[in-house]
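Student: Please take a close look at one part of this structure for me. Keep it brisk.

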Amino acid sequence: MVHIPPQCPLWFKSPNDDDNAPISPPKDVKACIPDFPKFGLHNCGNHRYNTENKNIHIYFQRFQRSVLRGQSRNLSGSIELACTKCNTLTPLSHLHDLPCGDLVCLVCLRRLIARVYANIAQNWRAIRHTRNQIDQLERQLHDAEIGGDPEETPSNGRAKKRRLSWPKISAFTNIRHENLEKECFNLSKRLLELAGLTCCGVSMRLGRLLACLPPETARDLWLIFQWVKDPPYRQRVCAWPDCGAYIAACCRWDVGASGYRYHCVVCQGNSQDCSRTIEQEQTRFPYLPKGQPALTPAR
Ligand SMILES: [Zn+2]
Ligand SMILES: [Zn+2]
Ligand SMILES: [Zn+2]
Ligand SMILES: [Zn+2]
Ligand SMILES: [Zn+2]
């Protein structure tokens, strides 16, 4: 608190009025958040590719474009190629390479992103369910890695181990481990598909392309990525009543005895843990279930 001398007019604005401003999160939290204000359509149009780019090869094979034949290693950005989705001839510098091999123009990229929103709105329950299944599998994998058979209890464990010779135990553990990893992989793929984050069955890895998007679109899409991948027990929503946006798991920091603080990338406010839970299901993105731990506002 700053002592304000009595002669000061009532409208005196303390230089420490920032006391009410949110405290900036620590460096490692800031480092996980992309620099959204710098993003925008002005960044789009400088994309560089060369003939060694995997997608250019795929494109070449798919369409046998003679335009690419005999080009030097560095392709000119002004070469026009057809967008794989809408077929519009587009300068190469304005095309985005997706891992599936598609080269998409900005209009089609934004269409794909609109599809992500639609998928989240439609499939959020299935996404949440799948994410929980993955979480359970990850726990089993962890147990299998440290303890062998997760069905083993302290009372049956020793007897079983005596019955099985060592090579048998490790073969059993390895098969189990491989199966769990396969299942985990398949569920993760399903998760991305439910969220509309794949193209031709392959993850689009849209995080690379955030800078081409308007800051708010990029930020909301980033929040979607975080929500899809964050473990359910780490999911929180901003406690500021006018906000309620999702808080990414990487935006949490430890403040010692008083627990954790959570930074919101939407309102820049911080929240702290409290024991109450959300009593109503959220109706707006990102959908957190009833009973999810809630937060209380904090500076
Ligand atoms: Zn772009
Ligand atoms: Zn297009
Ligand atoms: Zn492993
Ligand atoms: Zn594709
Ligand atoms: Zn907020």
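Tutor: For sorting a lining, Ala, Val, Leu, Ile, Met, Phe, Trp, Tyr, Cys and Pro count as nonpolar, Asp, Glu, Lys and Arg as charged, and the others, Gly among them, as polar. The model is predicted: local features need pLDDT of at least 70, side-chain atom pairs need 80 or more, and totals for linings use all residues. Residues are numbered from 1 along each chain, ligands from 1 in written order, and side-chain values use heavy atoms without hydrogens or water.

Take the cavity (grid points, 1 Å apart, where a 1.4 Å probe fits but cannot get out; lining residues have an atom within 4 Å of a point). The structure holds one of 30 Å³ or more. The largest cavity has a volume of about 40 Å³. Ile127, Arg128, Arg131, Trp227, Pro232 and Gln235 line it. Three of these residues are nonpolar, one is polar and two are charged.

Cys86 lies in the loop between strand 1 (80-82) and strand 2 (89-91), and Cys105 in the loop between strand 4 (103-104) and helix 3 (106-147), so the pair ties together parts 19 residues apart in sequence.

Note on methods:
Helix = DSSP H or I, 4+ residues; strand = E, 2+ residues; numbered from the N terminus. 1 Å grid on protein atoms, 1.4 Å probe; cavity = no way out; pocket = protein on both sides within 12 Å on 5 of 7 lines; lining within 4 Å. Points joined across faces, edges and corners; volume = space filled by probe spheres on them.
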